[in-house]
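Dear colleague,

I am passing on the structure we discussed, with the sequence alongside it. Please open it below, and then read on for my notes on what turned up.

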Amino acid sequence: MRRLWIALTYAVIVLLLAVPLVKIFSGAWADGWSGFIEGLTRPEALHALMMTVIIVIIVTAINTVFGVMLALYLVRADWIGQKLKRLLNSLVDLPFAVSPVIGGLMIVLLLGPNTVIGALLEGAGFKVVYALPGMILATLFVTFPIMVREVMPVLQEIGAQQEEAASTLGAYPWYTFWRVTWPSIRWGVIYGVVLTVARSLGEFGAVLVVSGNIINKTQTATTLVYQDVENFNVAAANGVALVLAAFSALLLLMMEWAKKRKEVH
């Protein structure tokens, strides 16, 4: 029975991962090397990839800083009541429970050009929806829980004894964080960064809603793949998808390397 379950597991992995990856790889080279390069170097593809990189960098930086801060507050802050902590924990998990499309729609309804806030922002020269800021907000909404959920268990496991001892000896909070807290949570932060980057690369629903998918303006790599498939430009779509898949695989290898490094230390 055990062998049967193992065989079924491998069969599911092959059907859901290996076969689609092989199809993407073969489809990307359907028009040869020249077709693959042409699909990646066309203006809309270069712009979409550049937008994706910009969003990933900004979202990862914001999530790292504020995710670690929120995790520290939820675990260490005694001045926050238990009811408020439970509420904040529920809000952190909200993007896991809500569809990304709904998250994008919420941003449009709050900050769209037809809303009061959106009109005020556009009047001040700051456009959110159907522009880069809205795409960043949508990706932040989807990825924000990742860093918090990676760091919180580590903080709970290590306890606060060492930090309290450092404070008793007169260490400033910033010094205590870098000398005591950070060495204990750095691998959790690394995992969070890797997962945030991977999730940001693959985000589609929320970004599609808030971006409008405007060519050479608000397209990301995933929305470009969607448009190429809709336009029956399958080879080009497979080429962009292959780049995303290769980068995601590289991220997974980096995560495995980080785990081994953690075990060594």
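**Aromatic residues**

F25 is partly exposed, with a relative accessible area of 48%, and please keep in mind here and throughout that this is a predicted model. F25 pairs with W29 in a tilted arrangement, the ring centres being 6.2 Å apart and the planes at 55 degrees to each other. W29 is likewise partly exposed, because its relative accessible area of 29% falls between the 20% and 50% cut-offs. These two residues belong, together with W33 and F36, to one aromatic cluster.

A search of the whole structure gives 10 aromatic pairs, and the pair formed by W174 and W178 is edge-to-face, with 5.7 Å from centre to centre and 80 degrees between the planes. Both of these tryptophans lie in helix α9, 4 residues apart, which is about one turn of the helix. In an α-helix there are 3.6 residues a turn, so residues three or four places apart point the same way. W174 is exposed, at a relative accessible area of 62%, whereas W178 counts as partly exposed at 41%.

**Nonpolar cores**

The largest nonpolar core has 22 residues, and F36, V197, L201, L224, V225, V240 and L251 are those with the most contacts inside it. At least two residues of this core come from each of α2 (32–41), α3, α9 (173–202), α11 (221–230) and α12 (234–264), and α12 gives the most, with 8 residues.

T60 is found in helix α3 and is buried, because its relative accessible area of 10% is under the 20% cut-off. Leaving aside neighbours within four places in sequence, the contacts of T60 are V193, T196 and V197.

Helix α4, which covers residues 82–97, has 16 residues and reaches 22 Å from its first C-alpha to its last, close to the 22 Å expected at 1.5 Å a residue. Within α4, K85, V92 and P95 are buried, and the buried residues of this helix pack against α3 (43–76) and α7 (132–158).

With best wishes

How values were computed: Residues are numbered from 1 along each chain as its sequence is written. This is a predicted model: local features need pLDDT of at least 70, side-chain atom pairs count only at pLDDT 80 or more; totals for chains, interfaces and linings use all residues. Side-chain values use heavy atoms; hydrogens and water are left out. The expected span of a helix is 1.5 Å times one less than its number of residues. Buried means under 20% relative accessible area, exposed over 50%, partly exposed in between (1.4 Å probe, protein chains only). Contact means heavy atoms within 4.5 Å. A nonpolar core is a set of buried Ala, Val, Leu, Ile, Met, Phe, Trp, Tyr and Cys residues joined through side-chain atoms within 4.5 Å. Rings of Phe, Tyr and Trp (its six-membered ring) pair if their centres lie within 6.5 Å; planes under 30 degrees apart count as stacked, over 60 as edge-to-face and the rest as tilted.
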